[in-house]
Amino acid sequence: MFKKLFALSFLLSISLVGLAQTQKPLSKEDSLLKVYRKIADTGDAIELKKVDTEIARLLKSSEEKDFTFAIRVAYSIKQSSLADSINKLAVQKFPTGKAALNAAYNLVIQAPQEVKAKLEAYKTFLKKFPEPAEKADIVYDYARSEIASTYAKAGDAVNNALWLSKIKTQSYRGVAQTSNSQMFLQKGDFVTAEKLAFEGLQNAKASLENNPNPNAKNDYYYYLQNYAGLLYKIKKYDEALKYINELRSNLEGNKVNQTNEIYALILTGTGKGKEALPMLAELVKTGKGSNEVAVAIKEAYIQTNGKSDGFEKYLSSLHTDMKKSIQAKLAKELISQPAPAFSLVDLDGNKVSLAELKGKVVILDFWATWCGPCKKSFPAMQKALDKYKSDPNVRFLFIDTWERIPEPKKAVQAFITDNKYTFSVLLDDKNTKVVDKFGIVGIPTKFIIDGKGNIRYKLIGFEGSDEAAVEEISYMIESVRL
């Protein structure tokens with residue numbers, strides 16, 4: 001499937017998911033998929049058999065659109081491997097169709113992360129599927145953005161700008177510019193980072209003016225927050241405050257509250273800690289504050305009180321409230337369902353099975369080397385692992401899955417080694433399909449399994465501070481011990 005650059009991560013892990021959107025009436029296909037998803041959730045064998053029959057019917061069609069819908073059906077019932085198999089059939093049956101185009105594009109994505117390799121893959125892609133003079137599929141822009149991103153990773157601002165300029169779709173050019181700005185930010189090239197983030201914002205604004213619908217408006221708000229976050233990161237606090245104020249003036253109610261973290265951080269940067277402190281304190285108490293909040297709250301406290309006296313006692317009371325908040329939340333999320341049996345190989349070639357860990361609390365963390373939120377959670381997971389490293393009845397297993405390169409083991413090993421993680425990593429692929437057995441539709445996903453082999457907690461995604469994450473994992477472990 002396409003590389004989804006639309007899923008940009010904010011610099012400070014803030015989300016505007018709650019922004020209002022106009023609900024469109026569901027199409028007949030979307031309505032069916034909604035029904036199929038409910039069937040998958042209930043696990044009704046008879047109804048699932050009917051869904052299988054529907055997929056078989058679709059695959060007898062001579063039209064690619066029916067294969068495309070069959071793929072969507074497979075995903076709706078959480079059968080990603082089946083969806084992949086159907087996609088391969090579509091590529092074979094319709095060699096000049098959309099699935100084949102996507103497959104050729106994916107070879108550009110899967111090419112080594114080097115400029116020369118990407119350029120060669122892009123030329124091969126164009127040779128096999130020449131770009132139409134008019135109404136070209138956006139996949140061509142996706143491919144060009146992949147080249148631009150490769151130059152960004154190499155720190156080459158000149159060629160990055162050249163390839164960004166080749167992206168024809170204005171709204172998507174803004175997506176790529178914003179994404180690439182973060183790469184340059186990480187490399188310390190603040191000038192290029194700020195330039196690209198601003199250009200991305202301007203493209204989003206132009207798209208909004210040309211197409212003033214709710215989704216375009218929400219996209220513009222997204223880029224406003226991203227640009228404000230970048231300005232905060234490079235310590236241009238006054239400018240950052242201007243953009244975050246523009247955003248907040250266009251939002252209402254809870255949607256404003258969703259920007260409180262970045263707003264409070266910027267306020268603290270401008271010396272307005274007294275105004276920021278209540279917001280920062282609430283984020284800490286609820287376990288939703290990022291690591292940046294953990295640093296900023298002391299500065300805001302000093303700005304408010306003129307000194308740091310009493311801060312540790314104040315922070316301790318917030319942490320006590322945080323623990324109570326986490327425990328109350330998790331108490332409502334306790335479940336009990338048998339964990340699927342599996343056996344996988346670790347990086348050293350040793351087989352590890354869930355069955356042999358009976359009697360222990362097992363923490364499974366499904367991740368991939370390309371997954372930003374997965375990697376963002378790892379410092380906290382390392383701290384949790386270190387906390388329990390001497391406990392023989394607790395075992396952490398990090399299951400690498402959904403990798404986008406043919407032989408990921410080397411890349412996985414390099415990532416773990418370079419970051420000095422002491423994780424026990426297991427390798428899942430299209431042959432073992434453990435990710436499918438657990439019904440996972442997004443990563444990171446974590447499971448806490450008790451000594452009887454039952455899943456007791458399931459966590460999707462990652463937000464908040466490392467401290468809150470460790471507290472959360474610790475509570476779940478302790479609550480399910482035999």
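K433 is partly exposed, because its relative accessible area of 35% falls between the 20% and 50% cut-offs. This is a predicted model, so take everything below as computed from that prediction. K433 sits in the loop that runs between strand 6 (425–427) and helix 20. Its backbone is worth a look too: phi of K433 is positive, at about 55 degrees, even though the residue is not a glycine.

Why does a positive phi deserve a remark? Most residues other than glycine have a negative phi.

## K78, another lysine with a positive phi

K78 is also a non-glycine residue with a positive phi, in this case near 65 degrees. You'll find K78 in the loop between helix 3 (64–76) and helix 4 (80–93). Is K78 buried, partly exposed or exposed? With 31% relative accessibility, K78 counts as partly exposed.

As a rule, most peptide bonds are trans. P444 belongs to the loop between helix 20 (434–437) and strand 7 (445–449).

P373 counts as partly exposed, because its relative accessibility is 36%. For a sense of distance, P373 and Q225 are 148 residues apart in sequence, and their C-alpha atoms are 18 Å apart in space.

## Helix 1 against helix 2

Now to the pair formed by helix 1 (residues 28–42) and helix 2 (residues 45–58): their axes come within 9 Å and cross at roughly 135 degrees. That angle makes helix 1 oblique to helix 2, because roughly antiparallel would need an angle over 145 degrees. The crossing of the two helices is left-handed.

Who makes the contact? Helix 1 brings Y36, I39 and A40, while helix 2 brings E47, L48, V51 and E54. Sorted by class, this contact has 5 nonpolar residues, 2 charged ones and no polar ones. On the helix 2 side, the spacing of the contact residues brings a general point to mind. An α-helix has 3.6 residues a turn, so residues three or four places apart point the same way.

## Helix 16 and its buried side

Helix 16 (residues 291–305) is 15 residues long and reaches 22 Å from its first C-alpha to its last, close to the expected 21 Å. Which of its residues are buried? They are V293, A296, I297, A300 and Y301. The buried residues of helix 16 pack against helix 14 (260–269), helix 15 (273–285) and helix 17 (311–331).

Just after helix 16 comes G306, where phi is positive at about 80 degrees.

## T192 in helix 10

T192 is located in helix 10 (residues 190–210). T192 counts as buried, because its relative accessibility is 14%, and buried means under 20%. Leaving out residues up to four places away in sequence, T192 touches A157 and F184.

How values were computed
Residues numbered from 1 in each chain as written. Predicted model: local features only at pLDDT ≥ 70, side-chain atom pairs only at ≥ 80, totals over all residues. Heavy atoms only, no water. Axes fitted to C-alpha atoms, helices over the stretch in contact; angles between N-to-C directions. Helix = DSSP H or I, 4+ residues; strand = E, 2+ residues; numbered from the N terminus. Parallel < 35°, antiparallel > 145°, perpendicular 65-115°, else oblique. Left-handed = near helix turned anticlockwise from the far one by under 90°. Contact = heavy atoms within 4.5 Å. Nonpolar A, V, L, I, M, F, W, Y, C, P; charged D, E, K, R; others polar. Expected span 1.5 Å × (residues − 1). Buried < 20%, exposed > 50% of the residue type's maximum accessible area, 1.4 Å probe, protein only.
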